[in-house]
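Have a look at the model first.

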Amino acid sequence: MVLAEQTADLAPVENGDGSTEYLSRGRLIRRRFWRHRLARLGLPVLAALYLMAIFSDFIAPYRPDTRLKGFKDAPPSVIHFGVDENRFQPYVYARKRTFHSKTFREIYTEQEDKKYPIHFFVRGDTYEILGLFKLDLHLFGVDEGANITLFGTDSVSRDLFSRTVIGALVSLFVGLGGVAISFVLGCIIGGIAGYLGGIVDEFIMRIIDLLIAIPTLPLWMVLSAAIPRQWPVAHTYFAITIVLSIVGWTGLARVVRGKLLSLRDLDFVTASKLAGGSDLYIITRHLLPNFASHLIVTMTLAVPGMILGETALSFIGLGMQEPGVSWGVLLDDTKNFGALVHQPWKLIPALFIIVTILMFNFVGDGLRDAADPYSL
Amino acid sequence: MTAPPVLKVEGLKKYFPVEKGFLRRVVGQVKAVDDVSLTIGAGETLGLVGESGSGKTTIGRCILRALDPTAGSIQFHIDDEKTVDMATISKREMRELRRYANMIFQDPYYSLDPRWTILDIVGEPLRLSKLAEGAELEDRVASLMDVVGLEAKHLRRYPHAFSGGQRQRIGVARALATNPRLIIADEPVSALDVSTQAQILNLLNDLQSEFGLSYLFIAHDLSVVEHISDRVAVMYVGKLVEVAPKDQLFFFPKHPYTEALLSAVPTPDPDVEKKRIILPGEIANPADPPSGCYFHPRCQYAQDRCREEEPALREIVPGQWASCHFAEELELVGAPQ
């Protein structure tokens, strides 16, 4: 018997010009997602941000704790472009620091006689990759004698660009880590509540109500106050992910439970039961595939909350601590009003946060539209 | 008539506890099915009708143990050697018997897993009862598709690619997959439009004569039941109020509730003058049923006795059972002949 023609498993999709195309499930999802303009923008931007975070040590010209002596609160370097030996060459001028006669604020002036070309793939400060081997290659840099500070410097003369790029590592991955832990907790606890039902369900749901009723910020504060100060940065980071997910799992658990409850009584589940399917079989073969897409969407939309949580904690000084770097830590420098007025570049990390959150929400929206191409 | 009935249900009860508060205290019982007895012979169709909430779906689900009955026995005659009481056997034993009975569902949209292909959906009972797998399974499913009038080349499509009527055919194919003896059709056509209803009903009729199936055909609509049933049972608030051969029930009803239901059946001939019996009020609450005959608050013939004494289901004329104190006296109007 001849079965399964080439197009048999494909879904017909009508094109605008009246022709019909046959698409597989995967392509149908991609197509829906791609049609969501904002998601189409969000995905590459997020990919770029994460790549930036992963290769941050290479992209950053300086280490996050390198002090550029004499360059406190310096504004972003101005990059000039010129032709040098028939080659297009960007360069910066060396800068000289003077003080304002009345306010004693630093004033940086470019010395136009001292040109420093920007070199690519230069040797600089050494860094470790995964604690395994040492490397000193950087994407760009200038020769000794001048410096390049794309986002300016902070109040202790460190390059804000390097710190922003390296801080992305903590800020971006705390979201993923937190959501991963929340996901495991949410699936197990929500699954138990939805599956067992009855008094267990009631009990778990009331616990969740209780957790959600506690304002998150004070709860986070209490929990992170419990993290010992002397812990190394990596431990603190891990502890903060856990703190964030202690509240984060509740939302996921509710989604899992609700979905289980609504799917459990559908006829196709009864049909599977009548065909002789065991509980585990029904959960793994029927229920999970049917709400996996919802889970992915919920998780994507949960990441921004985690990132903001870390930022908030670090901003109030309870999250990551110096010498650790995260976007929240960087914003700590903007707490005083003077900084905002005279050194607005210190707010650049906030822009990164805003863009990241927005992009996650766009991608989440796109996924939600695409998740169920066969929705009932 | 020597062949034993395929299904013999006796004294079937299904009570749902009403729970309240955090600790889920049981504050009452909903008697969804209360002491129902019925039999279905080999190759016979028993139509089961009643309003929504009368417990007819619950009966179907109890028989197939999608729900565990509270009490009663469900004798299922598998072959000449073996008859089992499905009400009391364990889940594991039940799993072995799944292949002999299956169900067709009301809603063709929710009864097929949207993430599964037709091959997987129709083949699921075969796989789970280990009757076929691989290429053999595919062949079997393809021939089932043929039986229900769908093209075998669509096996790898997902349910969303099919219309309501086609989906219901897929549901029928799934129910047939393991060559069952008994099929419980739970309002299989009420979600379909009229022309599709007729197609599915004809399909079910054809399949019955081809495979010698027995049906318990659940419906809320007597006109659908008329088309397919040999005998008809009428349910009201968890109890059977009348059971009779189809023609007997349609033309000579012995219970006022049946009469009211019959008067609601639309007739295609506009010249036939009909007296519609409009039942006052709602169907009684099975958690708090009325005293005496459950139907008395809505019955136009009700008398004092009906308020106090619960009527038993008794044989009024041979083969016709009704639970009305005045079944013999009342001159009830049946369907126009």
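Strand 7 (residues 182-186) and strand 8 (residues 214-219) of chain B run parallel, paired over five bridges. B:Ile183 sits opposite B:Tyr215 of strand 8 of chain B. Strands here are DSSP E runs of at least two residues, helices are H or I runs of at least four, both numbered from the N terminus, and pairing takes at least two DSSP bridges.

This is a predicted model, where local features need pLDDT of at least 70, side-chain atom pairs count only at 80 or more, and totals for chains, interfaces and linings use all residues. Residues count from 1 along each chain as its sequence is written, with chains lettered from A and ligands numbered from 1 in the order written.

In chain B, an open sheet of eight strands goes 6-7-8-3-9-10-12-11, with mixed pairing.

Helix 5 (residues 164-176) of chain B lies across strands 6 and 7 of chain B, at about 175° to strand 6. Axes are lines fitted to C-alpha atoms, for helices over the stretch in contact, with angles from 0 to 180 degrees between N-to-C directions.

Now for the two chains. The contact takes 26 residues from chain A and 36 from chain B, where contact means C-beta atoms, placed from the backbone, within 7 Å. On the chain A side, helix 5 (198-213), helix 8 (267-274) and helix 9 (279-315) of chain A each supply at least two residues. Helix 8 of chain A gives the most, with seven residues.

Terms used: Contact = placed C-beta atoms within 7 Å.
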